Every structure is written in structure tokens, then in C-alpha cells.
Amino acid sequence: MEQINNNENSAVKKRLPRRSRAAAKTGLRAEERAEKAAVKRGALKPARAEKAVAVRKSKETIKTEPDSVRTDKRRRTERNQKAVKIIFLGGVGEIGKNMAALECGNDIIIIDAGAIFPTEETPGFDLVVPDITYLLENSKKIRALILTHGHEDHIGGVPYLLKEIKVPVIGTKLTLALVDNKLREHRINDVKMQVVTPGQTIKLGCFGVHCINVNHSIAGSLAFAIDTPQGVIFHSGDYKIDLTPVAGEPIDLKTISEIGARGVLLYLGESTNIERSGFTMSETVVGATLDRLFAENARRRIIIATFASNVHRLKQIVDLAVKHRRKVVLSGRSMLNVVEAAEKIGELEIPDDVLVDISRIKNLRDSETVIVSTGSQGEPMSALTRMANGDNPSITVGANDAVIISASPIPGNEKLIYKVIDNLYRKGANVIYESIKNIHVSGHACCEEHKLMHTLLKPRYFIPVHGEYRHLKKHAQLAEELGMPENRILIPDIGNCIEITAKGGLRRLEDVPSGARLIDGEGIEDEKASTVIEDRRQLAAEGLFIVSVAVSGCEVVGEPAINSRGFVFDFHRDYNKEMREVINRAISGYDLYRGSVDELKRTIKRALKNYLYKKTKQSPMIVPVVVEL
Ligand SMILES: [Zn+2]
Ligand SMILES: [Zn+2]
């Protein structure tokens with residue numbers, strides 16, 4: 001990891017002559033210093049002193065500055081008055097692929113570069129990431145990518161962004177360790193990465209990004225208070241308020257309230273759990289529940305499925321394993337990856353005699369084993385799903401297993417996970433899942449926490465983010481309930497470009513190019529322009545016909561060969577014969593002198609399509625192939 005030299009002061013130093021450098025250092029001139037001393041002695045009241053300085057400064061502006069300095073200053077003020085634009089490229093109106101950009105003058109910073117997993121609407125793809133056309137068009141302005149935390153919906157798109165735009169990446173230790181894993185997988189080198197810690201401020205062009213510690217279901221999560229020429233924009237990241245976190249510090253409410261007291265122009269607040277009332281429970285309550293379950297299942301083998309990235313959950317499981325004299329076996333690729341990354345940076349520690357490699361699992365007794373596995377969402381290829389299906393090469397589930405699913409289904413995953421639970425029960429295992437209280441707690445703030453955040457920040461404007469439309473709407477309503485006028489709230493959509501100025505407020509500008517890019521292996525498809533999705537849907541729903549005809553010289557020879565896949569026939573009819581007749585009729589005496597191969601293909605396609613629709617009411621995909629002999 002290369003470090004960015006981000007010392008903006010060095011540039012300032014070079015430009016200023018030595019005397020002004022000294023003045024810049026103290027920020028005060030001699031008479032100001034005398035005045036300050038007077039205030040210290042009590043000889044001058046602070047308010048009066050400030051006023052005196054202000055009056056003198058304004059006089060100076062009029063009297064002493066040469067024209068060039070004045071123009072410089074005016075230019076500077078003009079530049080400072082440039083509006084800030086907020087551009088949403090993902091993560092609004094959906095939960096996933098979070099990406100936003102802040103732009104002011106010649107500077108852009110990108111906040112997060114997430115991915116989302118494909119749905120039935122995008123069959124067969126591996127991953128979906130935001131369309132970054134706007135960023136490509138403005139790549140010269142981009143100062144950095146800043147990451148709130150290491151979840152997939154915030155970092156999953158980083159490799160795809162970096163493949164096209166070389167931009168420094170800034171985040172906490174764990175976030176960057178997880179990004180580093182991805183970059184190695186994609187063989188991306190020479191990326192400048194800068195580790196930040198809460199409390200640090202990074203200068204990026206005209207933006208000053210202040211990092212604030214928040215609690216979430218992954219360690220090293222940040223909120224950002226971003227100083228812009230128009231005022232402070234506060235981005236919550238994903239957060240919850242955990243006053244008794246398993247490790248690390250509680251969310252930095254003190255700094256947040258100080259920032260609020262100084263004035264926040266715009267708040268961009270996450271909205272995931274806005275539908276839930278009350279407060280999110282502390283992560284430590286999960287430890288207490290698991291402790292009880294370890295005791296209750298003392299003779300059984302324990303298998304716990306959880307999110308690999310929840311390092312603090314893993315830490316609690318390891319601690320309990322030590323307490324209950326069990327060995328820890330890790331199962332699933334992402335589990336191994338995260339543990340490796342977390343151990344490397346000291347975020348997690350598993351004693352050597354506690355961790356046992358999965359290849360040695362047969363040497364362990366049930367009562368001394370705890371398996372920590374991926375698959376808490378029923379992901380088809382995950383370790384837990386394979387255990388449930390009986391095709392996990394290392395672990396066979398049986399009657400003496402207690403399977404604890406320490407997660408709740410992400411909306412949309414319910415079917416998958418319930419199928420896994422059913423199959424585990426069929427194998428005789430005791431399955432313990434969400435119906436048991438406090439087996440899992442969310443990483444996102446509930447209503448009361450949101451109210452607290454709004455109250456501390458007291459923003460002038462508010463834009464809800466990180467949620468489906470109803471979440472954003474509900475979050476907007478909550479802001480109104482807290483007294484914010486409706487005209488200071490805006491619900492964004494992907495592609496929206498919103499301008500904000502301290503004086504003029506929020507304004508919607510024309511949308512920027514946006515959408516989704518679909519990743520399949522090494523291939524990338526633009527969702528809007530893609531015919532692949534439509535093809536795949538058609539193939540899945542209606543099947544496929546391949547019609548091959550042979551051409552010799554300029555004439556069609558022989559009979560057409562017809563192959564189909566995934567098409568349902570009425571077995572009472574001889575379709576093959578009829579189809580051959582239809583095609584023969586369409587191309588009989590076809591002369592390539594007058595037409596072309598493409599035209600011949602189109603003729604075959606049209607004839608077969610009409611026939612099949614008329615006779616079967618189906619529209620399979622038809623692929624004509626012309627073979628020249
Ligand atoms: Zn998150
Ligand atoms: Zn998130």
C-alpha cells in the first residue's frame with residue numbers, strides 16, 4: 001500500500017515568502033498578538049477585541065491592498081462561492097451499490113463504490129456495479145475515493161472503478177485490507193491507498209474530509225463531515241449507536257454534536273432501518289445469547305453461520321470458544337479472507353491452539369468443535385448451503401449438530417435461507433435462527449437513533465440515502481416530524497445531480513448518465529444497452545432453436561437441420577416435419593446473387609418465428625446458421 005502525501009501545507013509553504021510564512025504559522029500579526037494578550041489579561045473583552053480586529057481588517061482591505069491582491073482575493077471568493085454538487089450514482093432507491101460524488105469547481109470526491117448482487121431480473125450475472133460514465137467524463141477532477149466501511153455494498157465496485165480511473169483510495173485499516181484482497185484478486189497494482197483513523201481530517205482539493213467513528217456491523221466504520229466552500233456536508237455512512245461495543249469506541253457523539261453546533265448545511269443520512277421503532281440493540285447482547293446457546297448445546301457440535309465481515313461477532317464467538325473449551329474451524333472462502341485480513345491488521349486475534357484447519361476436523365470431538373461458516377443468507381454456493389444439501393466436502397451435518405444462524409435474512413433472501421433451514425432440519429440438526437431473541441442484532445440505526453442524529457446535527461437541508469424508496473420517504477417524514485420544513489428535504493434517485501449553496505439551498509439540476517453495469521466473469525455489460533439480459537430471459541422462458549442451412553455457390557442445398565433446447569412440444573404433432581417445410585418454402589430457390597447471407601438468415605428467422613407463434617403461442621430464440629460448402 002502506497003501512502004499519499006497529502007500535506008497540503010507544503011504547497012502553501014512553497015508559495016509564501018518567509019515573513020508571511022511566519023505570519024501564516026501563527027495566523028496573527030504583531031498587533032493582533034498584543035490584543036490577544038490583552039484579552040488574556042482581561043484588559044479587553046473578547047467580543048470587543050474581535051470587533052477591533054474585524055474593523056481593522058476591513059480598513060486594511062480598503063487602504064493597503066494593491067489591485068492585484070484585491071482581484072486575487074475576489075477570484076478566491078468567487079471560487080469559494082461555487083456551488084457544491086451532489087451526484088448520486090447508486091444506493092438510493094435501492095439497498096446496495098452505494099456511490100455518490102461531491103463536486104465543486106475542479107474537484108470531485110467519490111464516496112463509496114459498492115456492488116449489489118444480481119436478481120432474477122439480471123440472470124446469470126456475478127455482480128452489478130454503478131455506471132461510472134459521469135466519473136469517466138470528469139476523471140481529471142477526481143481527487144480521491146473515500147470509503148465509509150468495508151461492506152460489499154460500499155466497496156464491491158472498487159476494482160471496477162479502479163480498472164478505469166486511477167484514483168487514490170482512502171479508508172480505515174480494515175476497509176483498505178478488504179479492498180486490498182479484492183485488488184489482488186483482480187491483479188490491480190499501483191493503487192495509492194491512505195489509511196485514516198477517526199479524528200483525522202484529509203484535505204482533498206477544496207474539500208476537507210473529517211473522519212468520525214461510528215458503530216456498525218463491521219469494524220472501522222466512518223461517517224464523514226465534509227467541509228465545502230458552501231458549508232458542512234455530513235454523510236452518516238452506515239451506522240448505529242452502540243454504547244457498549246464489543247471492541248473499539250462507541251460512536252463519537254461528542255464530535256457529532258460539536259459539528260452540529262457549528263452548523264451543518266446538508267445531512268446525507270442512511271435509512272436502512274427507518275421502519276423499525278426504538279433503538280438497535282448493542283452487539284454485546286449477541287454474545288450473551290450465544291453464551292447461553294453454547295451452554296445448552298454442550299454435548300453437540302456447534303455450527304454458527306454469520307456474516308464474515310462482522311469481525312466483532314467473530315471475536316465474540318472466538319472468546320466463547322475459548323471459554324467453553326472448543327476449537328474454532330473456519331468454513332467458507334470469504335470467512336477465511338476476512339479473518340486473514342482482520343488478523344493481519346490486529347482487529348481480530350485467534351490463539352494458535354484454538355484455530356483448527358478444516359482438513360483436521362475429523363480429529364475433533366463434537367463437543368469440542370465450533371464451526372464458523374458463511375452462508376447465513378442461504379447463498380447457493382456457500383459453505384452452509386452445501387452442508388444443508390449434503391455436498392460440502394469437509395462437513396457432514398447430522399443429528400448431533402446445533403446450527404445457529406446468527407443473522408437475519410436480508411429482504412429478498414428469505415426463500416433461500418428457509419430452504420437451507422428446512423434441509424438442515426431434514427438432516428436431523430437442531431437449527432436455531434432468527435425466531436430466537438437476540439441471536440443477531442442489526443448494524444443499522446432504528447428510528448430513535450435517527451432522531452438523535454438529526455437533533456445533534458440540526459442540518460439546514462436533508463437528503464435521505466441508503467434505502468429503497470419507501471425507506472427514503474419514511475426518513476424524510478421523520479425529518480419533518482422533527483421540525484424540518486418539507487422544502488428543505490429532497491428524496492434522490494440514481495442519476496440525480498443536486499446543487500447546494502448556503503444561500504440558494506437545494507436545487508435539482510439535469511440528471512447525469514447513470515445506471516448499472518453487469519459483471520459476468522471478465523465481461524462487463526451496460527444494463528441499458530444490453531441485449532444479453534433480454535436474450536437470457538427469452539432463453540430461460542421460451543427456449544432456443546438453431547436452424548442450420550447449407551449453401552453452395554449461390555444456392556441453398558439439402559434440408560435444413562433444426563435443433564432445439566428448452567422448448568416444450570405438443571407430442572401429437574410432427575413439428576420437425578412441419579418446420580422443415582416452413583423453412584424450405586421460405587428459402588426455396590433462394591439466390592444469393594440477389595440477396596445476402598444476412599438476408600437469408602432473417603428470412604429463416606421470420607418464417608420459423610411466425611410458424612411457432614401461430615402453432616404453439618411461444619416465442620423462443622431462433623438462431624439461424626448458414627454454412628457455406
Ligand atoms: Zn454496511
Ligand atoms: Zn450499506
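Among contacts in the chain between residues at least 6 apart in sequence, 70% join residues at least 24 apart, where a contact means C-beta atoms, placed from the backbone, within 7 Å of each other. This is a predicted model, in which local features need pLDDT of at least 70 and side-chain atom pairs count only at pLDDT 80 or more, while totals for chains, interfaces and linings use all residues. Residues are numbered from 1 along each chain as its sequence is written, and chains are lettered from A and ligands numbered from 1 in the order in which they are written.

**Whole chain**

Show the chain as a cartoon first. Its secondary structure comes to 20 helices and 25 strands; these are DSSP runs numbered from the N terminus, with helices being H or I of at least four residues and strands E of at least two. Of the 629 residues, 41% count as buried. Buried stands for 20 or more other C-beta atoms within 10 Å of the residue's own, exposed for 12 or fewer, and partly exposed for values in between, with C-beta atoms placed from the backbone.

**The cores**

Select Leu102, Ile109, Ile110, Leu145 and Phe234. These are the residues with the most contacts inside the largest nonpolar core, which has 142 residues. A nonpolar core is a set of buried Ala, Val, Leu, Ile, Met, Phe, Trp, Tyr and Cys residues joined through C-beta atoms within 7 Å. At least three residues of this core come from each of domain 2 (84-278 + 443-525) and domain 3 (292-432); the domain bounds come from an automatic or database domain assignment.

Centre on Leu145 next. Beyond its neighbours within four places in sequence, Leu145 is in contact with Ile110, Ala113, Leu161, Val167, Val169 and Ile170. Another core lies apart from the largest one and has 14 residues, among them Ile583, Leu600, Ile604 and Leu608.

Go to helix H6 (residues 133-137) and pick Leu135. For a distance check, take Glu164: Leu135 and Glu164 are 29 residues apart in sequence and 9.7 Å apart in space, C-alpha to C-alpha.

Asp112 sits in the loop between strand S3 (107-111) and strand S4 (127-130). Its phi is positive, at about 65°, although Asp112 is not a glycine. Asp112 counts as buried because 30 other C-beta atoms lie within 10 Å.

**Helices H11 and H12**

Now select helix H11 (residues 284-296) together with helix H12 (residues 311-323). Two packed helices are described by the angle between their axes and the distance between the axes. Here the angle is about 35° and the axes are 10 Å apart. The axes are lines fitted to C-alpha atoms over the stretch in contact, and angles run from 0 to 180 degrees between N-to-C directions. H11 and H12 cross in a right-handed sense, that is, with the near helix turned clockwise from the far one by less than a right angle.

Show side chains for the contact: Val286, Gly287, Leu290, Asp291 and Phe294 on H11, and Arg313, Gln316, Ile317 and Leu320 on H12. By class, this contact has 5 nonpolar, 2 polar and 2 charged residues. In this scheme Ala, Val, Leu, Ile, Met, Phe, Trp, Tyr, Cys and Pro are nonpolar, Asp, Glu, Lys and Arg are charged, and the others, Gly among them, are polar.

Then move to Arg325, in the loop between H12 and strand S14 (327-331). Arg325 is a residue other than glycine with a positive phi, near 55°. Arg325 is exposed, because 10 other C-beta atoms lie within 10 Å.

Select Glu527, in the loop between strand S22 (523-526) and H18. With 16 other C-beta atoms within 10 Å, Glu527 is partly exposed. Glu527 touches Gly515, Ala516, Arg517 and Leu518, not counting residues up to four places away in sequence.

Arg536 is in helix H18 (residues 532-542). Which residues does Arg536 touch, not counting those up to four places away in sequence? They are Pro123 and Gly124. Arg536 and Thr122 are 414 residues apart along the chain, and their C-alpha atoms are separated by 8.5 Å. Arg536 is partly exposed, having 17 other C-beta atoms within 10 Å.

End at Val568, in the loop between strand S24 (555-565) and helix H19 (575-587). Val568 counts as exposed, with 11 C-beta neighbours inside 10 Å. Val568 and Glu542 are 26 residues apart in sequence and 8.3 Å apart in space, C-alpha to C-alpha.

Key
Contact = placed C-beta atoms within 7 Å.
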